[in-house]
Amino acid sequence: NLSMGAGAAKQPTAPLLDRLTGREPIPSDDRFWQELLASAVSLPAGSSVEDVTAISRAYCAELVRNNPRSGNFGALAAAMAERLRPAPKSA
């Protein structure tokens with residue numbers, strides 16, 4: 001779990017981001033990927049650019065730190081690529 005700093009409230013997406021940036025690998029067929037990629041983040045009223053930047057950097061740093069063990073960055077890229085793949089053309 002990341003420390004979000006003073007005044008930064010945890011959002012409903014925090015558990016998803018905590019799992020993504022954690023030490024445990026997430027299988028490519030886990031429903032987690034659908035949930036993560038379909039989620040939206042609502043920022044608390046009064047959030048500053050600095051608040052959002054600090055939270056983003058904290059999650060990114062955790063992902064980089066844990067990726068050698070988890071491989072979740074590559075899994076995230078693969079899940080996004082799968083979603084962006086064009087639908088097969090029907091004959």
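Colleague: What do the side chains of Glu24 and Arg69 form?
Modeller: In this predicted model, Glu24 and Arg69 meet in a salt bridge, at 3.2 Å from N to O.
Colleague: Where do Glu24 and Arg69 lie?
Modeller: Glu24 lies in the loop between α1 and α2, while Arg69 is in helix α3, which covers residues 49-70, so this pair ties together parts that are 45 residues apart in sequence.
Colleague: OK, new topic. How many salt bridges does the structure hold?
Modeller: There are 4 salt bridges. One of them joins the side chains of Asp30 and Arg19, at 2.8 Å from N to O.
Colleague: Which parts of the chain does that pair link?
Modeller: Distant ones: Asp30 sits in the loop between α1 (14-20) and α2 (32-38), and Arg19 is in helix α1, 11 residues apart.
Colleague: And how accessible are Asp30 and Arg19?
Modeller: Asp30 has 22% relative accessibility and Arg19 has 36%. Buried means under 20%, so Asp30 counts as partly exposed. Arg19 counts as partly exposed too.
Colleague: Which residue does Arg85 form a salt bridge with?
Modeller: That would be Glu82, with the closest N and O atoms 2.8 Å apart.

Terms used
Residues are numbered from 1 along each chain as its sequence is written. This is a predicted model: local features need pLDDT of at least 70, side-chain atom pairs count only at pLDDT 80 or more; totals for chains, interfaces and linings use all residues. Side-chain values use heavy atoms; hydrogens and water are left out. Helices (H or I, at least four residues) and strands (E, at least two) are DSSP runs, numbered from the N terminus. Buried means under 20% relative accessible area, exposed over 50%, partly exposed in between (1.4 Å probe, protein chains only).
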